[in-house]
Amino acid sequence: MEDINELIEQRIRKLEDLREMGINPYGEPYDITHHASEIHSLFGEKDAESLEKDPVEVSVAGRMIALRSFGKAAFSHLQDETGKIQVYFRKDILKEAYGIVKKLDIGDIVGVKGELFRTRTGELTVMVREFKLLTKSLRPLPEKWHGLKDVELRYRQRYVDLIVNPQVRETFAKRSAIIKFIRDFLEREGFIEVETPMMHQIPGGAAARPFKTHHNALGIDLYLRIAPELYLKRLLVGGYERVFEINKNFRNEGISTRHNPEFTMLEFYVAYRDYRFLMDFTERLFTELLKEITGSLRLKYGDLEIDFSPPWERISMFDALMNAGVPEEVLRDYEKARDWARGKGIDVSGAVTLGKLLDEIFKEKVEPSLVGPVFITDYPVELSPLAKRKKDDPDFVERFELFIASREIANAFTELNDPQDQRERFLKQVEAKEKGDEEAHWMDADFIRALEYGMPPAAGEGIGIDRLVMLLTNSPSIRDVILFPQLKPEK
RNA sequence: GGGCCGCUAGCUCAGUCGGCAGAGCACCGCCCUUUUAAGGCGGGUGUGCCGGGUUCGAACCCCGGGCGGCUCACCA
(Lines give C-alpha, C1' and ligand atoms only; values in the text may rest on other atoms or scores of the structure.)
Protein backbone atom coordinates (compact mmCIF):
# COMPACT_ATOMS: atom_id res chain seq x y z
CA MET A 1 0.00 0.00 0.00
CA GLU A 2 1.70 3.12 -1.21
CA ASP A 3 -1.29 5.38 -0.77
CA ILE A 4 0.38 7.69 1.72
CA ASN A 5 -1.55 10.92 1.81
CA GLU A 6 -1.31 14.08 3.83
CA LEU A 7 -3.62 12.79 6.56
CA ILE A 8 -1.33 9.84 7.14
CA GLU A 9 1.77 12.01 7.08
CA GLN A 10 0.24 14.21 9.76
CA ARG A 11 -0.32 11.19 11.96
CA ILE A 12 3.19 9.92 11.36
CA ARG A 13 4.46 13.30 12.55
CA LYS A 14 2.38 12.99 15.71
CA LEU A 15 3.75 9.50 16.21
CA GLU A 16 7.30 10.85 15.96
CA ASP A 17 6.43 13.64 18.41
CA LEU A 18 5.13 11.02 20.83
CA ARG A 19 8.31 9.00 20.52
CA GLU A 20 10.31 12.13 21.32
CA MET A 21 8.15 12.58 24.42
CA GLY A 22 9.22 9.07 25.46
CA ILE A 23 5.89 7.46 24.64
CA ASN A 24 5.84 4.06 22.95
CA PRO A 25 3.09 4.45 20.33
CA TYR A 26 2.66 0.67 20.08
CA GLY A 27 2.32 0.12 23.80
CA GLU A 28 2.23 -2.68 26.25
CA PRO A 29 -0.31 -4.95 27.92
CA TYR A 30 -2.93 -2.98 29.80
CA ASP A 31 -5.02 -4.21 32.72
CA ILE A 32 -8.69 -3.36 32.51
CA THR A 33 -11.23 -3.76 35.28
CA HIS A 34 -14.34 -3.42 33.12
CA HIS A 35 -15.63 -3.53 29.60
CA ALA A 36 -17.79 -0.64 28.42
CA SER A 37 -21.03 -2.61 28.60
CA GLU A 38 -20.20 -3.80 32.13
CA ILE A 39 -19.77 -0.22 33.28
CA HIS A 40 -23.19 0.63 31.91
CA SER A 41 -24.89 -2.45 33.33
CA LEU A 42 -23.20 -2.25 36.76
CA PHE A 43 -23.33 1.51 37.33
CA GLY A 44 -25.96 2.70 34.88
CA GLU A 45 -28.43 3.18 37.72
CA LYS A 46 -26.17 5.26 39.92
CA ASP A 47 -26.84 8.98 40.02
CA ALA A 48 -24.29 11.79 40.18
CA GLU A 49 -24.41 12.10 43.98
CA SER A 50 -23.86 8.47 44.81
CA LEU A 51 -20.98 8.32 42.33
CA GLU A 52 -19.46 11.26 44.15
CA LYS A 53 -20.05 9.80 47.58
CA ASP A 54 -18.78 6.30 46.79
CA PRO A 55 -16.32 6.76 43.95
CA VAL A 56 -16.07 3.88 41.50
CA GLU A 57 -12.69 3.50 39.90
CA VAL A 58 -12.56 1.74 36.56
CA SER A 59 -9.95 0.94 33.99
CA VAL A 60 -11.04 0.48 30.39
CA ALA A 61 -9.34 0.23 27.03
CA GLY A 62 -10.55 0.73 23.53
CA ARG A 63 -10.42 2.62 20.31
CA MET A 64 -11.14 6.35 20.33
CA ILE A 65 -14.07 6.77 17.98
CA ALA A 66 -14.93 10.37 18.82
CA LEU A 67 -12.94 13.27 20.16
CA ARG A 68 -14.38 16.62 21.20
CA SER A 69 -11.50 18.75 22.30
CA PHE A 70 -11.47 22.06 24.14
CA GLY A 71 -8.37 23.97 25.00
CA LYS A 72 -7.65 22.30 28.30
CA ALA A 73 -10.09 19.40 28.32
CA ALA A 74 -11.48 16.84 25.94
CA PHE A 75 -14.35 14.36 25.77
CA SER A 76 -13.87 11.16 23.87
CA HIS A 77 -15.72 7.90 23.35
CA LEU A 78 -13.80 4.67 23.64
CA GLN A 79 -15.16 1.63 21.86
CA ASP A 80 -14.28 -1.85 23.02
CA GLU A 81 -15.68 -5.21 21.97
CA THR A 82 -18.79 -4.68 24.05
CA GLY A 83 -19.73 -1.08 23.34
CA LYS A 84 -18.84 2.51 24.04
CA ILE A 85 -17.98 4.57 27.08
CA GLN A 86 -17.34 8.29 27.30
CA VAL A 87 -14.11 9.46 28.93
CA TYR A 88 -13.08 12.95 29.98
CA PHE A 89 -9.51 14.27 29.91
CA ARG A 90 -8.70 17.42 31.92
CA LYS A 91 -5.44 19.32 31.93
CA ASP A 92 -5.73 20.27 35.61
CA ILE A 93 -5.88 16.56 36.51
CA LEU A 94 -3.47 15.13 33.95
CA LYS A 95 -0.94 18.00 34.18
CA GLU A 96 1.90 17.58 31.67
CA ALA A 97 0.44 14.25 30.48
CA TYR A 98 -2.27 16.34 28.84
CA GLY A 99 0.29 17.09 26.13
CA ILE A 100 -0.16 13.50 24.98
CA VAL A 101 -3.91 14.01 24.62
CA LYS A 102 -3.15 16.73 22.09
CA LYS A 103 -1.34 14.17 19.97
CA LEU A 104 -4.20 11.66 19.99
CA ASP A 105 -6.40 11.02 16.98
CA ILE A 106 -9.66 9.28 16.32
CA GLY A 107 -8.76 5.65 15.77
CA ASP A 108 -6.02 5.48 18.40
CA ILE A 109 -6.30 2.74 21.00
CA VAL A 110 -5.88 3.91 24.59
CA GLY A 111 -6.31 2.61 28.10
CA VAL A 112 -7.72 4.94 30.74
CA LYS A 113 -8.17 4.76 34.50
CA GLY A 114 -10.31 7.00 36.68
CA GLU A 115 -13.58 7.46 38.57
CA LEU A 116 -17.03 7.41 37.10
CA PHE A 117 -19.12 10.56 37.12
CA ARG A 118 -22.13 11.94 35.38
CA THR A 119 -21.84 14.90 33.07
CA ARG A 120 -24.22 17.82 33.04
CA THR A 121 -26.29 15.96 30.47
CA GLY A 122 -26.26 12.81 32.60
CA GLU A 123 -23.90 10.59 30.62
CA LEU A 124 -21.88 8.09 32.61
CA THR A 125 -18.27 9.08 32.00
CA VAL A 126 -14.78 8.21 33.17
CA MET A 127 -12.85 11.13 34.70
CA VAL A 128 -9.40 10.16 33.49
CA ARG A 129 -6.72 10.14 36.22
CA GLU A 130 -4.13 8.35 34.15
CA PHE A 131 -4.03 6.92 30.69
CA LYS A 132 -1.75 5.15 28.23
CA LEU A 133 -1.56 5.29 24.49
CA LEU A 134 -1.64 1.62 23.50
CA THR A 135 -1.64 1.90 19.72
CA LYS A 136 -1.30 4.86 17.40
CA SER A 137 -3.54 4.69 14.34
CA LEU A 138 -2.09 6.06 11.14
CA ARG A 139 -5.12 5.84 8.87
CA PRO A 140 -8.18 8.03 9.22
CA LEU A 141 -11.44 6.21 9.90
CA PRO A 142 -14.54 6.80 7.79
CA GLU A 143 -16.66 9.73 8.94
CA LYS A 144 -19.13 9.42 11.76
CA TRP A 145 -22.43 10.24 10.07
CA HIS A 146 -22.56 8.02 7.05
CA GLY A 147 -19.91 5.57 8.16
CA LEU A 148 -18.50 3.13 5.63
CA LYS A 149 -21.04 2.25 2.94
CA ASP A 150 -18.95 1.29 -0.05
CA VAL A 151 -19.55 -2.47 -0.08
CA GLU A 152 -16.32 -3.17 -1.87
CA LEU A 153 -14.34 -1.46 0.88
CA ARG A 154 -16.48 -3.14 3.52
CA TYR A 155 -15.61 -6.60 2.18
CA ARG A 156 -12.00 -5.88 1.27
CA GLN A 157 -11.22 -4.08 4.52
CA ARG A 158 -13.56 -5.91 6.85
CA TYR A 159 -11.49 -4.67 9.80
CA VAL A 160 -12.67 -1.13 9.07
CA ASP A 161 -16.24 -2.32 8.55
CA LEU A 162 -16.09 -3.97 11.98
CA ILE A 163 -14.74 -0.82 13.63
CA VAL A 164 -17.38 1.53 12.30
CA ASN A 165 -20.48 -0.61 11.72
CA PRO A 166 -21.67 -2.13 15.01
CA GLN A 167 -24.39 -4.20 13.30
CA VAL A 168 -21.66 -6.04 11.40
CA ARG A 169 -20.03 -7.03 14.69
CA GLU A 170 -23.46 -8.19 15.86
CA THR A 171 -24.01 -10.30 12.78
CA PHE A 172 -20.78 -12.18 13.28
CA ALA A 173 -21.35 -12.54 17.01
CA LYS A 174 -24.70 -14.08 16.10
CA ARG A 175 -23.02 -16.38 13.62
CA SER A 176 -20.79 -17.60 16.41
CA ALA A 177 -23.77 -18.11 18.73
CA ILE A 178 -25.64 -20.08 16.06
CA ILE A 179 -22.73 -22.42 15.46
CA LYS A 180 -22.16 -22.86 19.17
CA PHE A 181 -25.81 -23.69 19.70
CA ILE A 182 -25.79 -26.30 16.95
CA ARG A 183 -22.60 -27.85 18.27
CA ASP A 184 -24.02 -28.02 21.80
CA PHE A 185 -27.35 -29.37 20.58
CA LEU A 186 -25.69 -32.17 18.63
CA GLU A 187 -23.44 -33.05 21.53
CA ARG A 188 -26.48 -33.21 23.83
CA GLU A 189 -28.04 -35.58 21.30
CA GLY A 190 -25.11 -37.96 21.53
CA PHE A 191 -23.07 -36.90 18.50
CA ILE A 192 -19.33 -36.64 18.44
CA GLU A 193 -17.60 -34.00 16.38
CA VAL A 194 -14.99 -35.19 13.91
CA GLU A 195 -12.66 -33.72 11.34
CA THR A 196 -12.25 -35.41 8.01
CA PRO A 197 -9.87 -34.47 5.19
CA MET A 198 -10.11 -31.19 3.35
CA MET A 199 -7.81 -32.57 0.67
CA HIS A 200 -9.29 -35.45 -1.25
CA GLN A 201 -7.71 -37.70 -3.81
CA ILE A 202 -11.22 -38.42 -5.08
CA PRO A 203 -13.64 -35.53 -4.54
CA GLY A 204 -16.98 -36.99 -3.54
CA GLY A 205 -20.23 -36.59 -1.68
CA ALA A 206 -21.78 -33.96 -3.93
CA ALA A 207 -22.32 -32.99 -7.52
CA ALA A 208 -19.92 -30.13 -8.01
CA ARG A 209 -16.69 -29.05 -9.66
CA PRO A 210 -13.71 -29.16 -7.31
CA PHE A 211 -10.62 -27.02 -6.88
CA LYS A 212 -7.49 -28.86 -7.88
CA THR A 213 -4.13 -28.62 -6.17
CA HIS A 214 -0.92 -30.59 -6.10
CA HIS A 215 1.11 -32.30 -3.42
CA ASN A 216 4.78 -32.04 -4.31
CA ALA A 217 6.25 -34.76 -2.11
CA LEU A 218 3.62 -37.34 -3.05
CA GLY A 219 3.63 -36.19 -6.63
CA ILE A 220 -0.15 -36.40 -6.90
CA ASP A 221 -3.00 -34.06 -7.63
CA LEU A 222 -5.43 -33.43 -4.79
CA TYR A 223 -8.83 -31.78 -4.67
CA LEU A 224 -10.25 -29.49 -2.03
CA ARG A 225 -13.26 -31.30 -0.73
CA ILE A 226 -16.72 -30.56 -2.12
CA ALA A 227 -18.35 -32.44 0.80
CA PRO A 228 -17.29 -34.59 3.75
CA GLU A 229 -20.08 -37.14 3.23
CA LEU A 230 -18.15 -40.19 2.11
CA TYR A 231 -15.66 -39.88 4.97
CA LEU A 232 -18.37 -39.41 7.57
CA LYS A 233 -20.10 -42.56 6.35
CA ARG A 234 -16.81 -44.44 6.58
CA LEU A 235 -16.94 -43.51 10.26
CA LEU A 236 -20.37 -45.16 10.55
CA VAL A 237 -18.73 -48.28 9.14
CA GLY A 238 -16.06 -47.87 11.80
CA GLY A 239 -18.65 -48.03 14.54
CA TYR A 240 -19.48 -44.45 15.48
CA GLU A 241 -23.25 -44.12 15.59
CA ARG A 242 -23.66 -40.36 15.63
CA VAL A 243 -21.05 -38.08 14.05
CA PHE A 244 -21.02 -34.54 12.79
CA GLU A 245 -18.62 -32.12 11.21
CA ILE A 246 -18.90 -28.33 10.84
CA ASN A 247 -16.32 -27.15 8.38
CA LYS A 248 -15.56 -25.67 5.01
CA ASN A 249 -16.47 -27.09 1.64
CA PHE A 250 -14.98 -25.74 -1.58
CA ARG A 251 -16.71 -25.61 -4.92
CA ASN A 252 -15.23 -24.21 -8.08
CA GLU A 253 -18.30 -22.39 -9.31
CA GLY A 254 -19.67 -18.92 -9.78
CA ILE A 255 -19.81 -16.31 -7.03
CA SER A 256 -23.11 -14.66 -6.17
CA THR A 257 -25.15 -13.32 -3.28
CA ARG A 258 -25.77 -16.96 -2.32
CA HIS A 259 -22.44 -18.54 -3.29
CA ASN A 260 -18.92 -18.19 -1.98
CA PRO A 261 -16.27 -20.61 -3.26
CA GLU A 262 -15.58 -21.71 0.30
CA PHE A 263 -18.55 -22.08 2.58
CA THR A 264 -19.37 -23.73 5.86
CA MET A 265 -21.35 -26.91 5.99
CA LEU A 266 -22.77 -28.95 8.81
CA GLU A 267 -23.12 -32.62 8.04
CA PHE A 268 -24.36 -35.17 10.56
CA TYR A 269 -25.11 -38.89 10.41
CA VAL A 270 -27.24 -41.09 12.60
CA ALA A 271 -27.06 -44.88 12.58
CA TYR A 272 -30.26 -46.95 12.75
CA ARG A 273 -32.48 -44.04 11.70
CA ASP A 274 -34.02 -42.91 8.43
CA TYR A 275 -35.01 -39.62 6.81
CA ARG A 276 -38.30 -39.46 8.68
CA PHE A 277 -36.36 -39.28 11.92
CA LEU A 278 -34.28 -36.48 10.45
CA MET A 279 -37.33 -34.41 9.57
CA ASP A 280 -38.48 -34.50 13.19
CA PHE A 281 -34.93 -33.88 14.35
CA THR A 282 -34.50 -30.92 12.01
CA GLU A 283 -37.75 -29.36 13.21
CA ARG A 284 -36.53 -29.67 16.75
CA LEU A 285 -33.06 -28.29 15.98
CA PHE A 286 -34.45 -25.26 14.15
CA THR A 287 -37.16 -24.39 16.62
CA GLU A 288 -34.78 -24.60 19.57
CA LEU A 289 -32.18 -22.64 17.64
CA LEU A 290 -34.69 -19.91 16.83
CA LYS A 291 -35.84 -19.66 20.41
CA GLU A 292 -32.23 -19.31 21.52
CA ILE A 293 -31.10 -16.84 18.89
CA THR A 294 -34.14 -14.68 18.17
CA GLY A 295 -36.52 -15.66 20.96
CA SER A 296 -39.38 -16.26 18.54
CA LEU A 297 -40.61 -18.85 16.06
CA ARG A 298 -41.64 -16.10 13.68
CA LEU A 299 -38.81 -14.77 11.61
CA LYS A 300 -38.69 -11.74 9.35
CA TYR A 301 -36.49 -12.17 6.32
CA GLY A 302 -36.59 -9.33 3.83
CA ASP A 303 -40.24 -8.88 2.95
CA LEU A 304 -41.13 -12.34 4.21
CA GLU A 305 -42.46 -13.39 7.57
CA ILE A 306 -41.75 -17.04 8.16
CA ASP A 307 -43.52 -19.10 10.81
CA PHE A 308 -41.43 -21.97 12.15
CA SER A 309 -44.10 -23.40 14.43
CA PRO A 310 -44.12 -27.18 14.01
CA PRO A 311 -45.22 -29.35 12.40
CA TRP A 312 -43.83 -28.17 9.08
CA GLU A 313 -45.41 -29.12 5.78
CA ARG A 314 -44.08 -32.31 4.18
CA ILE A 315 -44.83 -32.92 0.54
CA SER A 316 -43.24 -35.14 -2.05
CA MET A 317 -41.52 -33.55 -5.00
CA PHE A 318 -44.00 -35.37 -7.23
CA ASP A 319 -47.05 -33.97 -5.42
CA ALA A 320 -45.51 -30.51 -5.24
CA LEU A 321 -45.10 -30.59 -9.01
CA MET A 322 -48.69 -31.77 -9.49
CA ASN A 323 -49.91 -29.01 -7.18
CA ALA A 324 -48.01 -26.53 -9.33
CA GLY A 325 -50.08 -27.67 -12.30
CA VAL A 326 -47.77 -30.16 -13.94
CA PRO A 327 -49.90 -33.02 -15.38
CA GLU A 328 -49.21 -36.46 -13.96
CA GLU A 329 -48.46 -38.09 -17.31
CA VAL A 330 -45.76 -35.43 -17.84
CA LEU A 331 -44.12 -36.47 -14.60
CA ARG A 332 -43.83 -40.09 -15.68
CA ASP A 333 -42.46 -39.79 -19.17
CA TYR A 334 -39.15 -38.33 -20.31
CA GLU A 335 -40.34 -37.13 -23.74
CA LYS A 336 -43.59 -35.66 -22.43
CA ALA A 337 -41.75 -33.91 -19.62
CA ARG A 338 -39.13 -32.52 -22.00
CA ASP A 339 -41.78 -31.21 -24.41
CA TRP A 340 -43.91 -29.80 -21.60
CA ALA A 341 -40.92 -27.97 -20.09
CA ARG A 342 -39.87 -26.61 -23.48
CA GLY A 343 -43.42 -25.41 -23.99
CA LYS A 344 -43.10 -23.46 -20.74
CA GLY A 345 -39.82 -21.94 -21.85
CA ILE A 346 -37.69 -23.89 -19.38
CA ASP A 347 -34.12 -24.61 -20.45
CA VAL A 348 -33.76 -28.39 -20.42
CA SER A 349 -30.72 -28.68 -22.68
CA GLY A 350 -28.59 -30.46 -20.06
CA ALA A 351 -31.37 -32.68 -18.70
CA VAL A 352 -30.68 -36.14 -20.03
CA THR A 353 -32.89 -38.08 -17.60
CA LEU A 354 -36.48 -37.77 -16.43
CA GLY A 355 -35.21 -36.98 -12.95
CA LYS A 356 -33.13 -34.05 -14.17
CA LEU A 357 -36.10 -32.76 -16.15
CA LEU A 358 -38.30 -32.89 -13.09
CA ASP A 359 -35.60 -31.09 -11.14
CA GLU A 360 -35.52 -28.30 -13.74
CA ILE A 361 -39.30 -28.00 -13.76
CA PHE A 362 -39.31 -28.00 -9.97
CA LYS A 363 -36.76 -25.19 -9.76
CA GLU A 364 -38.81 -23.13 -12.18
CA LYS A 365 -42.36 -23.89 -11.09
CA VAL A 366 -42.25 -24.83 -7.43
CA GLU A 367 -39.17 -23.44 -5.69
CA PRO A 368 -39.98 -19.72 -5.93
CA SER A 369 -43.22 -20.26 -3.98
CA LEU A 370 -41.62 -22.25 -1.13
CA VAL A 371 -41.57 -19.70 1.67
CA GLY A 372 -41.67 -22.63 4.04
CA PRO A 373 -40.37 -24.05 6.10
CA VAL A 374 -41.35 -27.07 4.03
CA PHE A 375 -39.83 -30.49 3.51
CA ILE A 376 -39.84 -31.58 -0.11
CA THR A 377 -39.44 -35.36 -0.06
CA ASP A 378 -38.74 -38.33 -2.31
CA TYR A 379 -36.45 -37.29 -5.14
CA PRO A 380 -35.74 -39.18 -8.39
CA VAL A 381 -33.00 -41.76 -7.89
CA GLU A 382 -30.77 -40.37 -10.65
CA LEU A 383 -30.45 -37.07 -8.75
CA SER A 384 -29.36 -38.83 -5.59
CA PRO A 385 -26.62 -41.39 -6.17
CA LEU A 386 -25.86 -41.77 -2.45
CA ALA A 387 -29.42 -42.17 -1.15
CA LYS A 388 -31.43 -45.28 -0.46
CA ARG A 389 -34.31 -46.19 -2.76
CA LYS A 390 -37.86 -46.13 -1.53
CA LYS A 391 -39.05 -49.66 -0.75
CA ASP A 392 -42.26 -49.32 -2.76
CA ASP A 393 -40.92 -47.14 -5.58
CA PRO A 394 -37.29 -47.81 -6.55
CA ASP A 395 -37.18 -44.93 -9.04
CA PHE A 396 -37.29 -42.57 -6.07
CA VAL A 397 -35.16 -42.24 -2.94
CA GLU A 398 -35.82 -41.47 0.69
CA ARG A 399 -34.60 -37.92 0.62
CA PHE A 400 -35.80 -34.49 1.63
CA GLU A 401 -34.71 -30.95 1.11
CA LEU A 402 -35.78 -28.28 3.54
CA PHE A 403 -36.84 -25.05 1.85
CA ILE A 404 -37.05 -21.72 3.63
CA ALA A 405 -37.51 -18.43 1.80
CA SER A 406 -37.34 -20.30 -1.51
CA ARG A 407 -33.89 -21.57 -0.67
CA GLU A 408 -32.60 -25.01 0.01
CA ILE A 409 -31.34 -24.88 3.58
CA ALA A 410 -30.93 -28.57 4.32
CA ASN A 411 -30.55 -31.74 2.28
CA ALA A 412 -30.93 -35.15 3.86
CA PHE A 413 -31.54 -38.75 3.04
CA THR A 414 -31.61 -42.29 4.23
CA GLU A 415 -28.13 -43.44 3.32
CA LEU A 416 -27.56 -46.06 0.69
CA ASN A 417 -25.70 -48.88 2.43
CA ASP A 418 -25.96 -51.56 -0.25
CA PRO A 419 -22.46 -51.74 -1.77
CA GLN A 420 -23.67 -53.36 -4.98
CA ASP A 421 -26.33 -50.72 -5.60
CA GLN A 422 -23.78 -48.04 -4.68
CA ARG A 423 -21.30 -49.42 -7.22
CA GLU A 424 -23.97 -49.35 -9.94
CA ARG A 425 -24.93 -45.78 -9.07
CA PHE A 426 -21.30 -44.70 -9.22
CA LEU A 427 -20.93 -46.39 -12.60
CA LYS A 428 -23.92 -44.44 -13.90
CA GLN A 429 -22.27 -41.26 -12.66
CA VAL A 430 -18.99 -42.16 -14.31
CA GLU A 431 -20.92 -42.70 -17.52
CA ALA A 432 -22.46 -39.24 -17.19
CA LYS A 433 -19.05 -37.76 -16.46
CA GLU A 434 -17.67 -39.35 -19.61
CA LYS A 435 -20.53 -37.78 -21.53
CA GLY A 436 -19.38 -34.39 -20.30
CA ASP A 437 -21.27 -33.84 -17.04
CA GLU A 438 -18.51 -32.08 -15.10
CA GLU A 439 -20.45 -32.28 -11.86
CA ALA A 440 -21.12 -36.01 -11.95
CA HIS A 441 -19.78 -38.05 -9.05
CA TRP A 442 -16.51 -39.95 -9.27
CA MET A 443 -16.10 -43.63 -8.60
CA ASP A 444 -14.75 -44.10 -5.09
CA ALA A 445 -13.62 -47.72 -4.83
CA ASP A 446 -12.49 -47.40 -1.22
CA PHE A 447 -15.93 -46.15 -0.23
CA ILE A 448 -17.49 -49.22 -1.86
CA ARG A 449 -14.97 -51.37 0.01
CA ALA A 450 -16.05 -49.72 3.26
CA LEU A 451 -19.71 -50.43 2.50
CA GLU A 452 -18.77 -54.04 1.81
CA TYR A 453 -17.65 -54.35 5.42
CA GLY A 454 -21.15 -53.21 6.31
CA MET A 455 -22.55 -49.78 7.17
CA PRO A 456 -25.54 -49.81 9.48
CA PRO A 457 -28.80 -48.40 8.14
CA ALA A 458 -28.41 -44.68 8.70
CA ALA A 459 -29.60 -41.24 7.80
CA GLY A 460 -27.53 -38.16 7.11
CA GLU A 461 -28.12 -34.47 6.61
CA GLY A 462 -26.27 -31.38 5.45
CA ILE A 463 -27.15 -27.84 6.46
CA GLY A 464 -25.56 -24.83 4.81
CA ILE A 465 -24.43 -22.75 7.75
CA ASP A 466 -23.88 -19.53 5.83
CA ARG A 467 -27.38 -19.56 4.41
CA LEU A 468 -28.81 -20.39 7.79
CA VAL A 469 -26.96 -17.42 9.28
CA MET A 470 -28.26 -15.24 6.44
CA LEU A 471 -31.80 -16.17 7.44
CA LEU A 472 -31.32 -15.57 11.14
CA THR A 473 -29.52 -12.26 10.65
CA ASN A 474 -31.78 -11.03 7.83
CA SER A 475 -28.76 -10.69 5.54
CA PRO A 476 -29.48 -10.40 1.82
CA SER A 477 -26.01 -11.53 0.71
CA ILE A 478 -23.80 -14.42 1.76
CA ARG A 479 -20.95 -11.88 1.85
CA ASP A 480 -22.65 -10.29 4.83
CA VAL A 481 -22.18 -13.45 6.89
CA ILE A 482 -18.66 -14.41 5.74
CA LEU A 483 -15.98 -12.22 7.31
CA PHE A 484 -13.68 -12.27 4.33
CA PRO A 485 -15.66 -13.18 1.22
CA GLN A 486 -13.76 -14.05 -1.92
CA LEU A 487 -13.13 -11.05 -4.22
CA LYS A 488 -11.02 -10.45 -7.26
CA PRO A 489 -7.55 -9.06 -6.55
CA GLU A 490 -7.53 -5.35 -5.83
CA LYS A 491 -5.11 -4.47 -8.62
C1' G B 1 -19.65 -16.13 -18.57
C1' G B 2 -24.18 -12.59 -20.37
C1' G B 3 -27.17 -8.01 -19.27
C1' C B 4 -27.88 -3.46 -16.43
C1' C B 5 -25.75 0.10 -13.00
C1' G B 6 -21.65 2.36 -10.40
C1' C B 7 -16.34 4.21 -9.64
C1' U B 8 -14.91 12.36 -8.21
C1' A B 9 -10.84 14.50 -1.44
C1' G B 10 -9.57 9.91 4.13
C1' C B 11 -15.40 8.97 4.29
C1' U B 12 -20.47 10.17 2.31
C1' C B 13 -21.80 12.47 -1.97
C1' A B 14 -22.94 16.92 -5.66
C1' G B 15 -21.24 18.62 -10.27
C1' U B 16 -26.24 22.00 -15.24
C1' C B 17 -24.89 22.24 -22.19
C1' G B 18 -17.98 19.83 -22.90
C1' G B 19 -15.56 25.78 -20.25
C1' C B 20 -10.92 27.58 -13.66
C1' A B 21 -12.96 20.40 -9.72
C1' G B 22 -17.14 21.28 -5.17
C1' A B 23 -20.09 20.39 -0.19
C1' G B 24 -20.58 18.06 4.65
C1' C B 25 -17.78 15.22 7.94
C1' A B 26 -12.58 14.15 8.79
C1' C B 27 -7.95 16.89 8.75
C1' C B 28 -4.44 21.48 9.68
C1' G B 29 -3.77 26.50 12.45
C1' C B 30 -5.75 29.86 16.32
C1' C B 31 -9.54 30.39 20.55
C1' C B 32 -12.24 27.53 24.06
C1' U B 33 -12.33 23.15 31.34
C1' U B 34 -19.26 19.33 31.16
C1' U B 35 -19.23 18.07 25.21
C1' U B 36 -22.74 14.48 22.44
C1' A B 37 -22.87 15.34 14.53
C1' A B 38 -19.53 20.55 20.68
C1' G B 39 -18.83 25.69 19.04
C1' G B 40 -16.18 30.26 16.69
C1' C B 41 -12.47 32.18 13.00
C1' G B 42 -9.16 30.78 9.00
C1' G B 43 -7.24 26.81 5.47
C1' G B 44 -9.16 22.45 -0.05
C1' U B 45 -5.64 18.58 1.17
C1' G B 46 -7.51 15.60 -5.69
C1' U B 47 -3.60 10.07 -10.40
C1' G B 48 -11.59 12.46 -11.29
C1' C B 49 -10.48 3.66 -11.54
C1' C B 50 -6.65 2.84 -15.76
C1' G B 51 -5.26 3.41 -21.09
C1' G B 52 -6.42 5.44 -25.73
C1' G B 53 -9.56 8.74 -28.96
C1' U B 54 -12.65 13.16 -30.44
C1' U B 55 -12.12 18.47 -29.27
C1' C B 56 -9.29 24.97 -28.84
C1' G B 57 -10.83 22.59 -24.23
C1' A B 58 -13.09 16.12 -21.30
C1' A B 59 -15.02 14.19 -14.52
C1' C B 60 -18.73 14.80 -18.55
C1' C B 61 -18.72 12.38 -25.38
C1' C B 62 -16.46 7.69 -28.00
C1' C B 63 -13.37 2.97 -27.76
C1' G B 64 -10.70 -0.67 -24.83
C1' G B 65 -9.57 -2.51 -20.01
C1' G B 66 -10.06 -2.97 -14.34
C1' C B 67 -12.86 -3.47 -9.85
C1' G B 68 -17.60 -3.61 -7.45
C1' G B 69 -23.09 -4.09 -7.04
C1' C B 70 -27.62 -6.18 -8.86
C1' U B 71 -29.46 -9.83 -12.11
C1' C B 72 -29.51 -14.22 -15.42
C1' A B 73 -26.99 -18.87 -16.04
C1' C B 74 -24.78 -22.70 -12.38
C1' C B 75 -25.01 -24.42 -7.73
C1' A B 76 -25.54 -25.18 -1.67
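## Report on a predicted protein–RNA model

Phenylalanine 268 touches Leu186, Phe191, Val243, Phe244, Leu278, Phe281, Ala459, Gly460, Glu461 and Ile463, with residues up to four places away in sequence not counted; contact here means heavy atoms within 4.5 Å. The structure is a predicted model, in which local features need pLDDT of at least 70 and side-chain atom pairs count only at pLDDT 80 or more, while totals for chains, interfaces and linings use all residues. Residues are numbered from 1 along each chain as its sequence is written, chains are lettered from A and ligands numbered from 1 in the order in which they are written, and side-chain values use heavy atoms, with hydrogens and water left out.

**Nonpolar cores**

Phe268 and Phe286 have the most contacts inside the largest nonpolar core, which has 46 residues. Helix α10 (residues 275-293) supplies the largest share of this core, 9 residues. A second, separate core has 43 residues, including Phe318, Leu383, Phe426 and Leu451. A nonpolar core is a set of buried Ala, Val, Leu, Ile, Met, Phe, Trp, Tyr and Cys residues joined through side-chain atoms within 4.5 Å. Buried means under 20% relative accessible area, exposed over 50%, and partly exposed in between (1.4 Å probe, protein chains only). In soluble globular proteins, nonpolar side chains tend to be buried together.

Sugar and phosphate make up 59% of the atoms of RNA strand B that come within 4 Å of the protein. A residue is near the strand if one of its heavy atoms lies within 4 Å of it. By class, the residues of this surface comprise 17 nonpolar, 13 polar and 24 charged; Ala, Val, Leu, Ile, Met, Phe, Trp, Tyr, Cys and Pro count as nonpolar, Asp, Glu, Lys and Arg as charged, and the others, Gly among them, as polar. The largest share of the surface, 5 residues, comes from α6. Helices (H or I, at least four residues) and strands (E, at least two) are DSSP runs, numbered from the N terminus.

| Protein atom | Atom of RNA strand B | Distance |
|---|---|---|
| Arginine 120, polar backbone atom | base oxygen | 2.6 Å |
| Asparagine 260, backbone N or O atom | base nitrogen | 2.8 Å |
| Glutamate 439, polar side-chain atom | sugar or linking oxygen | 3.4 Å |

**Strand pairing**

Strands β7, β9 and β8 form, in that order, an open sheet of 3 strands with antiparallel pairing. Because β7 (199-200) and β8 (212-215) stand at the edges with a single partner strand each, one side of each is left without a neighbour in the sheet. β8 is joined by 4 bridges to strand β9 (residues 220-224), and threonine 213 stands opposite leucine 222 in β9. Two strands pair if DSSP finds at least two bridges between them.

Elsewhere, strands β12 (residues 298-301) and β13 (residues 304-307) pair in the antiparallel sense over 4 bridges. Lysine 300 stands opposite glutamate 305 in β13. This hairpin has 2 residues between the strands, and glycine 302 takes a positive phi near 60 degrees.

**Two individual residues**

Isoleucine 163 lies in helix α7 (residues 158-164) and is buried, with a relative accessible area of 16%. Beyond its neighbours within four places in sequence, isoleucine 163 is in contact with Arg63, Gln79, Leu141 and Arg169. Arginine 139, in the loop between β5 (124-135) and α6 (151-156), is partly exposed, with a relative accessible area of 39%.

Key: A polar contact is a pair of N or O atoms within 3.5 Å; within protein, one must be able to donate a hydrogen and the other to accept it, and residues adjacent in sequence count only if both atoms are side-chain atoms.
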